[in-house]
Amino acid sequence: MQIITEPGQMQAIAEKLRLNRQCIGVVMTMGALHEGHLSLVKLARESAGIIILTIFVNPTQFGVNEDLHLYPRPFEKDAALAKSAGVDYLFAPETGSIYPEHSQTTVECSGVASRFEGERRPGHFKGVATIVTKLLNITKPHIAIFGEKDAQQLAVIRRLVEDLNMDIKIIGAPIVREKNGLAVSSRNIYLSNEERDAATILYKGICHAQQRVGEQAHNLLTIAEEIEAMINRTPGCRSDYVGFVDEATFEPVETAETGRKYLLLLAMYSGAVRLIDNGKIDA
Ligand code: AMP
């Protein structure tokens, strides 16, 4: 596995790979690699011959009161994990080479980026859309894998690629969970044992929704309220939002129609740690 830090060098390598008719797959991460990230690499290997993994803690997608400076950066461990997962190139640039002082251009998505995370974290999706565009231009992939764990981010990236006519196939990867249902996340290391146990209420909420909709309950607003109450009853937990949306448009949905599929989006605090999760709900 080769470690690259310069965007220009990564581009030159990617260009050469394309000229040699290699299929390039990219997995973008902020590091602190875990089973979720490695599942994306595994999925990429099914469709691409060359895997590029990027590690970049992107400052522009963090809000002023968020955890940018606390964010874990175990680079040596990440590089070893990436290598054993079969990554061919690890692209880990410095912030200054990605955002030089003279840079003036950003990428912004409306609609699908406007609610939920977009509302709670102003500027977040602008940061995401900009860095994803830049990393796609640097790594020149044929396919790019993103986790369904960040469902709204995946929807924003699908829109971005279509709207900007990028010739790249976007593949969504299923959420990797711990045995107790908690979605694996780099931020889980901030949780105490009690907070980690309490956070399993997110998965219990998803199971509750699937059960209620399966029993022909159609009022999704009521079910969302039930889940908010479940979260707020859990010691140390506070619901941020719970809502059902159309999977593609992220338009909120109030009433379930039999045969349709929805996404349940959840965000909450366990102690001071903000966690997001989601589940596919079949009506
Ligand atoms: P991050 O490093 O948190 O920015 O995540 C990098 C990529 O890994 C994103 O596409 C995430 O959606 C994905 N990812 C993070 N956690 C998981 C998980 N538990 N299951 C599947 N994908 C994940």
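Which residues are buried in α2? They are G36, H37, L38, L40, V41 and A44, where buried means under 20% relative accessible area, exposed over 50% and partly exposed in between, with a 1.4 Å probe and protein chains only. The model is predicted: local features need pLDDT of at least 70, side-chain atom pairs count only at pLDDT 80 or more, and totals for chains, interfaces and linings use all residues. Residues are numbered from 1 along each chain as its sequence is written, and side-chain values use heavy atoms, with hydrogens and water left out.

Helices (H or I, at least four residues) and strands (E, at least two) are DSSP runs numbered from the N terminus. Helix α2 covers residues 35-47, and its 13 residues should span 18 Å at 1.5 Å a residue; the end C-alpha atoms lie 19 Å apart, which agrees. The expected span is 1.5 Å times one less than the number of residues. The cover over the buried residues of α2 includes β2 (24-29), β3 (50-55), α3 (75-84), β5 (143-147) and β6 (169-173).

The loop between α1 (7-19) and β2 holds Q22. Because its relative accessibility is 32%, Q22 counts as partly exposed. Leaving aside neighbours within four places in sequence, Q22 is in contact (heavy atoms within 4.5 Å) with L17, I50 and H142. Q22 and G49 are 27 residues apart in sequence, with 6.4 Å between their C-alpha atoms.

A nonpolar core is a set of buried Ala, Val, Leu, Ile, Met, Phe, Trp, Tyr and Cys residues joined through side-chain atoms within 4.5 Å. The largest one has 46 residues, of which V132 and L136 touch the most other members. Helix α6 (residues 124-139) supplies the largest share of this core, eight residues. Domain 1 (2-173) and domain 2 (186-282) both give residues to this core, so it lies between them; the domain bounds come from an automatic or database domain assignment. Beyond its neighbours within four places in sequence, V132 is in contact with M28, F146, I157 and L160. A second, separate core of 28 residues includes L191, I231, Y262 and M268.

Three strands form an open antiparallel sheet in the order β7-β8-β9, where pairing requires at least two DSSP bridges between two strands. The edge strands, β7 (237-246) and β9 (273-282), each pair on one side only. The twist averages 15° from one strand to the next. Strand β8 (residues 261-270) pairs with β9 over 10 bridges. Helix α10 (residues 220-233) packs on the sheet, touching β7 and β8, and its direction makes about 160° with that of β7. Axes are lines fitted to C-alpha atoms, for helices over the stretch in contact, and angles run from 0 to 180 degrees between N-to-C directions.
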